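Please look through the model shown here before reading on. The notes below are meant for someone who has not seen it before.

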Amino acid sequence: MTAASDSARSPAPGIREFLIQVCGDQREALLRYAVERGHGVDVADFISGSLLDDGSRCRELMSWYRHRLPDLSGLVSFHAPVQDLRPNARDSKIRRATRDRIAQCLDIAEELGIEHMVAHLAFNALAQEPSYPSGWAERTAVFWREVLKGRSVALLLENIWEPRPEFVRAAVDAIDMGSVGVCLDAAHVHRFSKVSQSEWVRDLNRRIRHLHVSDNDQTRSQHLPPGQGTIDWQDLLGALEAHDLCLPTTIEVPGVAGAEATIEHLCGRKAASQHCDTHEGPRLRRRGP
């Protein structure tokens, strides 16, 4: 399929453009595919804590991206790590370690000229105390207001273990910064929530500024192409369209073949309208390095 045919088939309902997740051994092929097809990229190599601890390798990869990102015509986002980070921790030393790691990621994003970073909420769905949700939201807000002070990078907070959308809404509203929005991860909704995709969209509405897509069968995170798991994509895309949301969408399916299968499936679900002349939210621009 040519770049022209990709463009002609896009966007799907609720999707403004696609970002290819670039990382690992396939990064060269994935970034080349994004450039050739006019897609954006999600820089995901730095999700690895071990990489971030390796100063030499980290600088090497930063140089690699610095020389290649200007070739892109699409949008660029930066994917922060998730493992072991606790922005809402009660323990001050754990919060400090989390702050240091997030600050390192913000430094890298700023140096690469990437203006938006996807980071993760860390709600404990097993917590039983009635006061936990409100305390969690406030601690989350205090952390991010402090970390983002003086920064040029906007923040997209991604749902993971949150069982209901109101927890995500409470955290974003408590932060109360125009540069902070939601990255809705459809696979995490499907895996960890009993609330429908459309209800998540209705609840979060204009707070949603970005979308992550992959599929699973609810047994584990499988990162399958849409249509190969059990997510109701019509429910999700129909809700986005109904709420006039048209979002940059990162494909979290491995490899070029996974990206192509994702685009093929989602673009096959076009509504009658062929264009997203709707609310787009702020564009995820990349400054020049």
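1. Basis. This is a predicted model, in which local features need pLDDT of at least 70, side-chain atom pairs count only at pLDDT 80 or more, and totals for chains, interfaces and linings use all residues. Residues are numbered from 1 along each chain as its sequence is written, and side-chain values use heavy atoms, with hydrogens and water left out.

2. In the order 1-2-3-4-5-6-7-8, 8 strands close into a barrel with parallel pairing. From one strand to the next, the twist averages 30 degrees. Strands (E, at least two residues) and helices (H or I, at least four residues) are DSSP runs, numbered from the N terminus; two strands pair if DSSP finds at least two bridges between them. Angles run from 0 to 180 degrees between N-to-C directions, with axes fitted to C-alpha atoms, for helices over the stretch in contact.

3. Strands 2 and 3. Strand 2 (residues 40-43) pairs with strand 3 (residues 76-79) in the parallel sense over 3 bridges. Ser77 in strand 3 is the bridge partner of Asp42. The side chains of these two residues, Ser77 and Asp42, also make a polar contact at 2.6 Å (a pair of N or O atoms within 3.5 Å; within protein, one able to donate a hydrogen and the other to accept it, and residues adjacent in sequence count only if both atoms are side-chain atoms). Ser77 counts as buried because its relative accessibility is 0% (buried means under 20% relative accessible area, with a 1.4 Å probe and protein chains only).

4. Helix 5. The buried residues of helix 5 include Thr98, Arg101, Ile102, Cys105 and Leu106. Among the elements covering them are helix 3 (49-53), helix 4 (55-68) and strand 3. Contact here means heavy atoms within 4.5 Å. After helix 5 comes Gly113, with a positive phi near 75 degrees.

5. Helices 10 and 11. Helix 10 (residues 233-242) lies across strands including strand 7 (208-213), to which it runs at about 160 degrees. Helix 11 (residues 255-267) lies across strand 1, strand 7 and strand 8, at about 165 degrees to strand 1. Among the buried residues of helix 11 are Gly258, Ala259, Thr262 and Ile263. The buried residues of helix 11 fall within an arc of 145 degrees, so they line one face of the helix.

Notes: Buried means under 20% relative accessible area, exposed over 50%, partly exposed in between (1.4 Å probe, protein chains only). The arc is that of the directions from the helix axis to the C-beta atoms.
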